[in-house]
Amino acid sequence: MVASVEIADSPPDAGRSPALRLRLLGPIRLWRHDRELALPASRKARALLAYLAMAPQAQTRSRLCELLWELPHDPRGELRWCLSKLRGLVDDDARTRLYARGDTVGFDATDCFVDAVELERAAGSGLATLGHGRKRELCALFAGDFLEGLEVGHSPVFEAWLTAGRRRFRALQVELLGQLADGADGDEHFAWLEQWLRLAPFDARAHASLLTALATRGRIREAEEHLAAARRQFEAEGFDCAPLHAAWHAARPQAQAGLVLSAAGDDVANPELPGAATRRASLAVMPFADASSAPGAGRAVADALAHDVITRLAKLRCLFVIAQGTVFALHEQSVTPRQAGQMLKVDYLASGTVRRDGSRLTVAVELAQTRDSHIVWAEIFEHEVDDALLVLDEIGNRIVASIAGEIETIERNRAI
């Protein structure tokens with residue numbers, strides 16, 4: 001039996017008594033002095049509250065209309081209606097939290113607790129610098145995905161922002177679970193590892209940590225069974241199993257390092273032995289930088305595009321692609337693309353920039369070999385953003401096809 005680690009469903013007490021508590025990590029919920037308030041039935045009203053609570057500064061009305069109301073006859077009228085519904089929930093006689101100044105609208109969270117904002121603030125200071133207890137508190141904030149269940153139809157800008165947010169917080173949760181597992185002992189160590197693997201089943205680091213923990217405790221049979229199960233899972237999705245085997249051979253006692261493993265009658269090949277499968281080229285796709293003239297204008301699009309490219313490339317059997325949680329976690333720690341390539345020991349590194357100016361979207365991408373930093377392919381894609389989702393899909397297709405083609409050509413020539 002493994003000790004369970006509880007994740008709170010109610011808002012945790014962060015050592016203070018805020019007037020409002022807003023939960024965004026999971027289905028959106030709002031409390032006033034520990035009494036839960038009923039949110040508007042309108043998805044767009046709830047999405048507006050979440051967006052304003054996360055925004056570092058007041059937003060223009062035109063920006064909010066573009067975010068949630070792409071096609072209605074009177075977007076500003078719908079915005080006013082949503083604001084009136086939200087003010088009745090978040091404002092009181094003592095404070096106006098949802099304010100309008102000229103053409104801008106903002107949310108004053110001075111006396112509020114917003115779980116996602118609290119997590120971002122902690123991550124900005126560096127999760128590794130926090131104590132084990134504080135990391136547990138932050139991990140308990142996760143009651144599900146960011147704004148779970150809050151999809152808003154026909155709002156591509158909001159959907160891009162939501163996708164980027166979910167990716168960002170998922171990466172932070174994975175990083176927290178990894179650090180909690182590293183800092184725990186005994187049953188608690190395995191409990192954190194199990195949560196880590198449930199959240200990121202294809203994160204080779206999590207499997208390596210579990211294999212090491214099992215080997216250290218002499219539970220060789222369990223480790224071999226986990227390795228075999230993980231290998232089948234990775235192969236079914238087209239992922240490279242080499243990191244799993246490398247982790248296991250490093251973790252096993254030296255006397256057993258050369259043996260061919262057998263788990264439940266399922267032979268597991270040693271990738272270092274003659275006849276092993278041909279090594280696949282490895283690639284890391286770093287988060288795209290936002291080069292827009294207006295700060296943050298292209299951030300959501302950049303994150304969504306990088307997420308899409310990683311997902312598509314990972315499905316190709318000719319490449320071993322570093323998990324998105326790993327590269328985005330490195331990005332959050334301000335690791336440069338070149339440093340990331342060296343740390344991850346990959347053959348190729350893809351990076352790029354996204355620039356959004358009004359309805360014009362420009363994406364610049366380059367592919368470099370990490371051994372000599374030589375750029376082997378670069379391209380610039382320009383589009384009018386008539387439909388953001390279709391444009392991202394088209395650009396993603398072209399990027400994936402170009403990167404896969406270039407790497408295949410280089411590896412074939414190298415083999416010859």
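Is Asp203 buried or exposed, and what is its relative accessible area? Asp203 is buried, with a relative accessible area of 4%. Here, buried means under 20% relative accessible area, exposed means over 50%, and partly exposed lies in between (1.4 Å probe, protein chains only).

This is a predicted model, in which local features need pLDDT of at least 70 and side-chain atom pairs count only at pLDDT 80 or more, while totals for chains, interfaces and linings use all residues. Residues are numbered from 1 along each chain as its sequence is written, and side-chain values use heavy atoms, with hydrogens and water left out.

**View 1. Asp203 in its loop.** Asp203 is found in the loop between α7 (186-199) and α8 (204-216). Helices (H or I, at least four residues) and strands (E, at least two) are DSSP runs, numbered from the N terminus. A polar atom of the Asp203 side chain lies 3.0 Å from the backbone nitrogen of Arg205.

**View 2. Residues touching Asp203.** Not counting residues up to four places away in sequence, Asp203 touches Val174, Trp196 and Thr326 (contact: heavy atoms within 4.5 Å).

**View 3. The two sides of strand β10.** In β10 (residues 281-285), 5 of 5 residues are buried. Ala281, Leu283 and Val285 point one way, whereas Ser282 and Ala284 point the other way.

**View 4. The partners of strand β10.** Strand β10 pairs in the parallel sense with β12 (residues 319-321) over 3 bridges; two strands pair if DSSP finds at least two bridges between them. Leu319 of β12 is the bridge partner of Ala281. With β13 (residues 348-357), β10 also pairs in the parallel sense over 3 bridges, and Leu349 of β13 is the bridge partner of Ala284.

Methods: A polar contact is a pair of N or O atoms within 3.5 Å; within protein, one must be able to donate a hydrogen and the other to accept it, and residues adjacent in sequence count only if both atoms are side-chain atoms.
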